[in-house]
Protein chains: 2
Amino acid sequence: MIRTGTTVEQMVRAIADMIVTGEMLPGAKLDEVSLAVRFDVSRTPVREALRELGAMGLIAREPNRSAVVTNVTEAYLHSMFEAMAELEAICARLSAERMTVDERRALELEHRESVRLVHAGAEEEYSAHNTEFHTRLYRGAHNDHVFEMVTQTRARLAPFRRAQFRLPGRLAKSYEEHGRIVTAIMRADAAAAGQAAYSHVEIVSDASAVFATPGE
Amino acid sequence: MIRTGTTVEQMVRAIADMIVTGEMLPGAKLDEVSLAVRFDVSRTPVREALRELGAMGLIAREPNRSAVVTNVTEAYLHSMFEAMAELEAICARLSAERMTVDERRALELEHRESVRLVHAGAEEEYSAHNTEFHTRLYRGAHNDHVFEMVTQTRARLAPFRRAQFRLPGRLAKSYEEHGRIVTAIMRADAAAAGQAAYSHVEIVSDASAVFATPGE
DNA sequence: GCATTGCAAAGTGCATACAGATTGATCGAA
DNA sequence: TTCGATCAATCTGTATGCACTTTGCAATGC
């Protein structure tokens with residue numbers, strides 16, 4: 001547990017982590033008193049944390065009812081993946097136009113070095129690299145609001161694509177698609193970068209469709 | 001004041017309205033006890049409302065410090081307008097592809113009827129029409145997550161473009177730009193619709209730049 | 001046997017109270 | 001006069017307690 005920030009912020013991070021890592025599955029109830037006991041605080045900060053998580057879209061709240069981990073419908077999940085593709089495309093386009101020389105170099109290096117993870121079949125490590133790669137793309141767009149939106153959307157999608165790199169051949173395919181994005185960005189070809197990023201997410205979406213819960 | 005929902009939700013709406021309508025200017029402090037007195041509740045629901053408003057981006061909160069109405073820097077404001085343009089473009093593109101016949105008809109009708117507001121120079125009324133027009137565009141995209149993002153971004157930008165239709169000739173220009181978007185959507189020309197929507201926001205951005213607070 | 005009503009247990013919504021942090025002012029010393 | 005320190009006032013952060021809402025079960029009536 002990170003020790004920075006207020007009690008509430010720590011709890012928000014901790015609970016968000018539990019949801020994002022799959023420790024708490026969609027539909028799970030979040031009882032205020034249980035959480036208060038678990039974190040050794042009173043219900044007041046728990047309630048504030050839940051309100052924030054609700055605003056983030058990670059949990060659903062109704063009056064006089066326990067909060068539950070968001071159980072998105074297939075339709076909404078699809079809309080999030082589509083939005084994610086659009087947002088990634090925006091980031092890639094803007095990155096192609098705006099990344100500094102250093103940023104471009106760092107992105108390419110990050111990508112090049114990940115090839116050994118692909119060959120080793122190191123799913124966990126590649127997943128970490130993948131996060132880093134995409135974060136560089138988001139930052140490279142040099143647009144703070146877009147960064148916020150894409151980061152939030154990514155967090156909400158996280159529970160639904162945990163196992164994506166377990167699928168056979170997905171690592172190599174991901175690497176190849178990253179390569180296409182990197183090449184376009186190095187060439188400052190915004191249109192190509194955008195298209196490459198868009199189709200990259202599209203494919204991840206298909207691979208993750210399995211995890212969607214049947215519509216409500 | 002709307003009487004639906006819990007106390008906290010009512011407060012969130014009420015305070016958000018005050019900020020968006022400009023009753024509370026960026027930089028204004030939101031003292032918990034004052035708000036509690038004002039709404040005749042205790043500090044507990046006030047704090048929860050503030051936390052939610054913070055998550056919405058309308059106010060900024062720091063530990064042990066009063067919440068203040070978000071005072072965005074010029075740079076961040078610019079990033080929001082740029083993001084808004086991208087989001088509107090996405091909505092316009094998707095609307096061109098996905099709007100039902102009824103939706104297209106309704107959009108065109110809405111647009112056609114607004115011409116009299118332009119001739120009458122009815123700023124207030126045109127502003128209401130403008131909101132309706134754009135909301136139709138957002139819904140027409142048939143993507144719930146994009147709808148959420150664009151709605152939120154619009155709410156955060158609201159305080160900075162209150163007076164946009166006061167500028168001379170802005171009404172007619174807005175009408176003309178709407179027309180270009182409508183035409184493209186009726187033709188199902190996604191690319192043209194996207195471009196028209198993008199440049200529409202760009203121009204609104206320029207017109208509002210005056211209201212940005214000098215960077216922090 | 002089934003439905004309906006009443007009750008109790010559990011949980012959320014809000015108020016109050018206290019503890020800790022911050023800010024500004026005042027007093028003293030250089 | 002000015003700088004610094006200390007203290008008081010004010011405000012936020014958290015705990016606790018009470019009231020209301022929901023829900024499941026059981027008992028009673030049909």
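In chain A, three strands make an open sheet in the order 1-3-2, with antiparallel pairing. Strands here are DSSP runs of E of at least two residues, helices are runs of H or I of at least four, and both are numbered from the N terminus; two strands pair if DSSP finds at least two bridges between them. This is a predicted model, where local features need pLDDT of at least 70, side-chain atom pairs count only at pLDDT 80 or more, and totals for chains, interfaces and linings use all residues. Residues are numbered from 1 along each chain as its sequence is written, while chains are lettered from A and ligands numbered from 1 in the order in which they are written.

Strand 1 (29-30) and strand 2 (59-60) of chain A sit at the edges of that sheet, each pairing on one side only. Strand 1 of chain A is joined to strand 3 (residues 67-69) of chain A by two bridges, and the two run antiparallel. Across from A:K29 you'll find A:V68 in strand 3 of chain A.

Now for the DNA. A residue is near a strand if its C-beta atom, placed from the backbone, lies within 6 Å of it. Here is how the two surfaces look:

| DNA strand C | 18 residues | A:E32, A:S66, B:T7, B:S42, B:T44 | helix 3 of chain B, three residues |

For DNA strand D, helix 1 (7-20) and helix 3 (43-56) of chain A give two or more residues each, as do helix 2 (32-39) and helix 3 (43-56) of chain B. The surface near DNA strand C gets at least two residues each from helix 2 (32-39) and helix 3 of chain A, plus helix 1 (7-20) and helix 3 of chain B. By class, the surface near DNA strand D has five nonpolar, eight polar and five charged residues. Ala, Val, Leu, Ile, Met, Phe, Trp, Tyr, Cys and Pro count as nonpolar, Asp, Glu, Lys and Arg as charged, and the others, Gly among them, as polar.

The chains touch too: 22 residues from chain B meet 22 residues from chain A, a contact being C-beta atoms, placed from the backbone, within 7 Å. On the chain B side, helix 3, helix 4 (74-98) and helix 8 (144-157) each supply at least two residues. That side divides into nine nonpolar, six polar and seven charged residues.

How values were computed
Contact = placed C-beta atoms within 7 Å.
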